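Here is a short note to read alongside the structure, written for someone who is new to looking at protein models. Please keep the sequence and the 3D view open while working through the points.

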Amino acid sequence: QFLRRQQVLQLYRKILRAIREVPAEQDRRYLKDWAREEFRRNKDATEEDAIRMMITQGNMQLQELQRTLRLAKS
């Protein structure tokens, strides 16, 4: 459980760091609020499979955000 918590916190930090790269202030604020709400809504989850699935989904969304930011910069 400790390792899962570490994974979740690491994912949250990575998402917030990626959001800092978003050029438009309004979009940054929206994404930050969205991320915060998603993590807050799921903070009481205890089922291992569900948590693993949410971490996987979060990583996929992070990769999509990073991909979009790379495309926007080029």
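Which pattern does the protein follow when it is read along the sequence?

1. Overall build. Please keep in mind that this is a predicted model. Read along the sequence, the protein follows the pattern α-α-α, and the count of elements is 3 helices and 0 strands. Taken along the principal axes, the box that the C-alpha atoms fill is roughly 40 × 20 × 15 Å. Of the 74 residues of the protein, 19% count as buried.

2. The annotated span. The UniProt record, an unreviewed entry, lists residues 6-64 as "domain: Complex 1 LYR protein", and such annotations may be inferred rather than shown by experiment.

3. Arg 17 has its place in helix H1, and because its relative accessibility is 44%, Arg 17 counts as partly exposed.

4. By the rule used here, the protein has 9 salt bridges. In one of them Glu 48 pairs with Arg 4, and the closest N and O atoms are 2.9 Å apart. Glu 48 lies in helix H3, residues 48-73, whereas Arg 4 lies in helix H1, so the pair ties together parts that are 44 residues apart in sequence. Are the two partners buried or partly exposed? Glu 48, at 34% relative accessibility, counts as partly exposed, while Arg 4, at 19%, counts as buried; the reason is that buried means under 20% relative accessible area.

5. Arg 52 counts as partly exposed, because its relative accessibility is 37%. Salt bridges that share partners join Arg 4, Glu 48, Asp 49 and Arg 52 into one network, and the pair of Glu 48 and Arg 4 described in the previous point is therefore a link between helix H3 and helix H1.

6. Being 4 residues apart in helix H2, residues 25-41, Arg 29 and Glu 25 are separated by about one helical turn. Arg 29 is partly exposed, with a relative accessible area of 47%, and Glu 25 likewise counts as partly exposed, at 41% relative accessibility.

7. Arg 28. How far apart in space are Arg 28 and Ala 18, C-alpha to C-alpha? The distance is 9.7 Å, and in sequence Arg 28 and Ala 18 are 10 residues apart. Arg 28 is found in helix H2, and with a relative accessible area of 22% Arg 28 is partly exposed.

Note on methods
Residues are numbered from 1 along each chain as its sequence is written. This is a predicted model: local features need pLDDT of at least 70, side-chain atom pairs count only at pLDDT 80 or more; totals for chains, interfaces and linings use all residues. Side-chain values use heavy atoms; hydrogens and water are left out. Helices (H or I, at least four residues) and strands (E, at least two) are DSSP runs, numbered from the N terminus. Buried means under 20% relative accessible area, exposed over 50%, partly exposed in between (1.4 Å probe, protein chains only). A salt bridge is a side-chain nitrogen of Lys or Arg within 4 Å of a carboxyl oxygen of Asp or Glu.
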